[in-house]
Amino acid sequence: MPNMNKKTSPGQSLFNELEREILFKHFPKGIIAFDLETTGLSPTFDHIVEISALKMTQGEDDTFSTLVHPPIEIPEKVIAIHGITNSMVEGAPEREEVLKNFRDFIEDKALLAHNALFDIGFLAQNFSQLNLPFTSNPVYCSVKLSRKTFSSFPSHKLSFLVKKLGIPLENHHRAFDDAVACLKVFIKGLIQMEEDDL
């Protein structure tokens, strides 16, 4: 099982100097790209099975990544999408422990997700169910920026955007890989936004 919070410098190797320069020009305090994998699409009835994040700052970059033990079984049709099986999450930490640690990890940093409404909806529902105070961090969405800066694209799904923009994504539908791809798409959007003077 991945470490919940790992202090490394992944951004140094995953992102080049131009990408970091553009990112920190718009987010000088840094930003956290994150992604969830779940048992289904409903924040009310489904549960988080994986949460990963990459915190990019001008100093040290950190990662947060863990499987989560859900209170229900993962349906086979969902396992076929993300590949996370019930046996994989059997010994994983419970969601309360994970969410408390995640809240500490994100601090007051800006959050970024691809189709952020989905991920934030799951977080909000889980925090509410556990009677934990929810975050008030600013939230950004790479889908919304893509629709604005790449308005001619026929799709704004992550799988389409990475191919169209030449971004590598080996393990689509695994949380950490999707979070990194989301941030790369977002940076491409920021670059395009500047070029178009939006």
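Predicted model: local features only at pLDDT ≥ 70, side-chain atom pairs only at ≥ 80, totals over all residues.
Start with helix H7, which covers residues 158-165. Its buried residues are Leu 158, Leu 161, Val 162 and Leu 165. These residues sit on the same side of H7, because they cover an arc of only 100° around the axis. On the other side of H7 are Lys 163 and Lys 164, and both are exposed. Among the elements that cover the buried residues of H7 are helix H6 (142-149) and helix H8 (175-195). The residue that follows H7 is Gly 166, which has a positive phi, near 70°.

How does H7 lie against H8? The two helices pack at an angle of about 55°, and their axes are 10 Å apart. H7 and H8 are therefore oblique to each other. The crossing of H7 with H8 is left-handed. On the H7 side, the contact is made by Leu 158, Leu 161, Val 162 and Leu 165. These four are also the buried residues of H7 listed above. On the H8 side, the contact is made by Asp 178, Ala 181, Cys 182, Val 185 and Lys 188. Sorted by class, this contact has seven nonpolar, no polar and two charged residues.

H8 also packs with H6. The axes of H6 and H8 come within 9 Å, crossing at roughly 35°. This crossing is left-handed. From H6, the residues Ser 142, Leu 145 and Thr 149 take part in the contact. They meet Cys 182, Val 185, Phe 186, Gly 189, Leu 190, Gln 192 and Met 193 in H8. By class, the contact of H6 with H8 is made up of six nonpolar, four polar and no charged residues.

In H2, the contact residues are Glu 19, Ile 22, Leu 23, Lys 25 and His 26. Facing them in H8 are Leu 183, Lys 184, Ile 187, Leu 190, Ile 191, Met 193 and Glu 194. By class, the contact of H2 with H8 has seven nonpolar, one polar and four charged residues.

The segment after H8 contains Asp 196. This residue is partly exposed, with a relative accessible area of 39%. Asp 196 and Thr 149 are 47 residues apart along the chain, and their C-alpha atoms are separated by 8.1 Å.

Most residues other than glycine have a negative phi. What is phi for Asn 115? The value is near 60°, which is positive, and Asn 115 is not a glycine. Asn 115 lies in the loop between strand S5 (110-113) and helix H5 (116-129). Its relative accessible area is 41%, so Asn 115 is partly exposed. His 173 also has a positive phi, near 75°. The loop that holds His 173 runs between H7 and H8. His 173 is partly exposed, with a relative accessible area of 29%.

The last stop is a pair of residues in contact, Arg 95 and Asn 126. Arg 95 lies in helix H4, residues 95-106. Is Arg 95 buried or exposed? Arg 95 is buried, because its relative accessible area is 19% and the cut-off for buried is under 20%. Leaving aside neighbours within four places in sequence, Arg 95 is in contact with His 47, Val 68, His 69, Asn 126, Gln 129 and Leu 130. Arg 95 and Val 68 are 27 residues apart along the chain, yet their C-alpha atoms are separated by 5.9 Å. Asn 126 lies in helix H5. With a relative accessible area of 1%, Asn 126 is buried. Not counting residues up to four places away in sequence, Asn 126 touches His 47, Ile 48, Arg 95 and Leu 99. His 47 is in contact with Arg 95, and His 47 also touches Asn 126.

Conventions
Residues numbered from 1 in each chain as written. Heavy atoms only, no water. Buried < 20%, exposed > 50% of the residue type's maximum accessible area, 1.4 Å probe, protein only. Arc of directions from axis to C-beta. Contact = heavy atoms within 4.5 Å. Axes fitted to C-alpha atoms, helices over the stretch in contact; angles between N-to-C directions. Left-handed = near helix turned anticlockwise from the far one by under 90°. Nonpolar A, V, L, I, M, F, W, Y, C, P; charged D, E, K, R; others polar. Parallel < 35°, antiparallel > 145°, perpendicular 65-115°, else oblique.
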